[in-house]
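Morning, everyone. Please bring up the structure on the screen. I'll talk through charged pairs, then aromatic rings.

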Amino acid sequence: GSEQEDIQTVELQQSLLTTENSSMQSVLILLQSNHSLSKKEYRHKQEGMPANMNKQSFIKGLKNRCSHLLRHPKATTESSQLVKVEARGHKLLLNPTREEVLKWAESLDDLLNHKYGLIAFRNFLKSEYNDENIDFWLVCEDYKKIISPTKRAAKAKKIFSDFVEPMSPKELNLDYYTKDNITQNLQHPSCSCFEAAQKKIYALMENNCYARFLQSDLYQNILNNSQDHQQT
């Protein structure tokens, strides 16, 4: 009954109290009814629980998002570590030239097409709990390269469950029509199955996150510590 489900929610909150401090604080904020930790949480708070979703499903989704949050603690913003970012679980010291870093500011394409630029941008989005956008864009780039219809169909279902399905840990901020278009495309997945959604996410990053990245301490720190700058 509803009383048992409420107990499950309380038990979830209590179990999270044993995590390390930084993650614990983040999760507690997530669980507060009047606060939002990310655009996803803010969006769900605004829209409320979907009409076709029961409380048990909502709790399950909440657990999934909390689990994802605990596995991805917020990136540090200490100035002494700003040029050190994580790539595939390993600390990486970015070492681009000043010319390359300045090139990142010319367009989002220039940023994403540069190895260090992509790593830096993803870490910036991760610090804002926005990394689902770049992760989706990257996985779509890989998806379009799949030739085998069988592998493509399996990958399409995986992308849908990770980024599009309601209450998924990395659910994207997509409108109903775009989501419905993807659902229809899954019946016969082609290389352009996620094209419309990928374009929307790219535009979202370009018009929003990209400008904030260029104004961030992370970008300025990388620029100030670039190879050419250090030699002058």
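Lys 179 is buried, at 18% relative accessible area; buried means under 20%, exposed over 50%, and partly exposed in between, with a 1.4 Å probe and protein chains only. This is a predicted model, so to speak of local features we need pLDDT of at least 70, and side-chain atom pairs count only at pLDDT 80 or more, while totals for chains, interfaces and linings use all residues. Residues are numbered from 1 along each chain as its sequence is written, and side-chain values use heavy atoms, leaving out hydrogens and water.

What does Lys 179 form a salt bridge with? Its partner is Glu 171, with the closest N and O atoms 2.9 Å apart. A salt bridge here is a side-chain nitrogen of Lys or Arg within 4 Å of a carboxyl oxygen of Asp or Glu. Glu 171 is buried too, at 4%.

Now Lys 103. It bridges to Glu 106 at 3.1 Å between the closest N and O atoms. Lys 103 is partly exposed, at 38%. Glu 106 is exposed, at 54%.

The whole structure has 10 salt bridges. Arg 122, Asp 131, Asp 135 and Lys 170 are linked in a network of them.

On to the rings. Rings of Phe, Tyr and Trp (its six-membered ring) pair if their centres lie within 6.5 Å; planes under 30 degrees apart are stacked, over 60 edge-to-face, the rest tilted. That rule gives nine aromatic pairs. Phe 124 and Phe 213 have centres 5.7 Å apart and planes at 65°, so they are edge-to-face. Both are buried. Ring pairs also join Trp 104, Phe 121, Phe 124, Phe 213 and Tyr 219 into a cluster.
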